[in-house]
Amino acid sequence: MYLTVEAKMDTKLLKILATDQEDLEVFSAFLQDAIIPLKGLDYCEGDHTFRIFANRFRWELSENKKEKPQRLHTGVVFQDVTKVEYRGFTRYEDQNHSLELLTIQYDEPHIHLIFATDAQIRLTVDKIHARIKDVDDAWPVLHQPKHKTA
């Protein structure tokens, strides 16, 4: 995995490359609770890429109590994708509808993007090759996402 943090104004921006299952677990942690509008999903069959434009919650700031909760725009690209399947929603629903990402799992040869409300995207891939790149300055939000503990 390659992890880069760039400084841009007052915001540190992430760039991460994933090439194995362990890297996808890191992806999952950074992308947990990302809000993804349906219009932010794009599969380009010609170049075998699946792109996501998301509003990522900045979990990396949650330890620092001085920082207010933040979100920022993040691009996610999965390469070597041969098939995309949607469950629990249709790709052609209201494009302003958003999904909340809970986790990313890998079960060769599938990458599963699992969302709240039982929605899921299953990517069939030849290999794991994905990137996250923060693309904009962060903005403050009122609340940090909460999760029930077992």
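Buried here means under 20% relative accessible area. By that cut-off D134, at 3% relative accessibility, counts as buried. D134 also forms a salt bridge with R56. The model is a predicted one.

**Salt-bridge network**

- A search of the whole structure finds seven salt bridges.
- R56, R58, E60 and D134 are linked in a network of such bridges.
- In the D134 and R56 pair, the closest N and O atoms are 2.8 Å apart.
- D134 sits in strand 11 (residues 130–134) and R56 in strand 5, so this pair ties together parts that are 78 residues apart in sequence.
- R56 has a relative accessible area of 0%, so R56 is buried.
- D134 is buried as well, with 3% relative accessibility.
- R58 bridges to E60, and their closest N and O atoms are 3.3 Å apart.
- R58 counts as buried because its relative accessibility is 5%.
- E60 is partly exposed, at a relative accessible area of 31%.

**The R51 and D42 pair**

- R51 forms a salt bridge with D42.
- The closest N and O atoms of R51 and D42 are 3.7 Å apart.
- R51 is partly exposed, with a relative accessible area of 31%.
- D42 is partly exposed too, with a relative accessible area of 37%.

**Around V76**

- V76 lies in strand 6, which spans residues 70–78.
- Its relative accessibility is 2%, so V76 counts as buried.
- V76 touches F27, L31, F50, R51, I52, R131 and I132, leaving aside residues up to four places away in sequence.
- V76 and R131 are 55 residues apart along the chain, yet their C-alpha atoms are separated by 5.6 Å.

**Positive phi angles**

- Most residues other than glycine have a negative phi.
- H48 is not a glycine, but its phi is positive, at about 55°.
- H48 lies in the loop between strand 4 (41–44) and strand 5 (49–57).
- H48 is partly exposed, with a relative accessible area of 36%.
- D118 is not a glycine either, and its phi is positive, at about 60°.
- D118 lies in the loop between strand 9 and strand 10 (120–125).
- D118 is exposed, because its relative accessible area of 60% is over the 50% cut-off.

**A cis peptide bond**

- Most peptide bonds are trans.
- The bond from E108 to P109 is cis, with omega near 5°.
- P109 is placed in the loop between strand 8 (98–107) and strand 9 (110–115).

**Points to locate in the structure**

- For the network, start with R56, R58, E60 and D134.
- For the backbone, look at H48, D118 and the bond from E108 to P109.

Conventions
Residues are numbered from 1 along each chain as its sequence is written. This is a predicted model: local features need pLDDT of at least 70, side-chain atom pairs count only at pLDDT 80 or more; totals for chains, interfaces and linings use all residues. Side-chain values use heavy atoms; hydrogens and water are left out. Helices (H or I, at least four residues) and strands (E, at least two) are DSSP runs, numbered from the N terminus. Buried means under 20% relative accessible area, exposed over 50%, partly exposed in between (1.4 Å probe, protein chains only). Contact means heavy atoms within 4.5 Å. A salt bridge is a side-chain nitrogen of Lys or Arg within 4 Å of a carboxyl oxygen of Asp or Glu.
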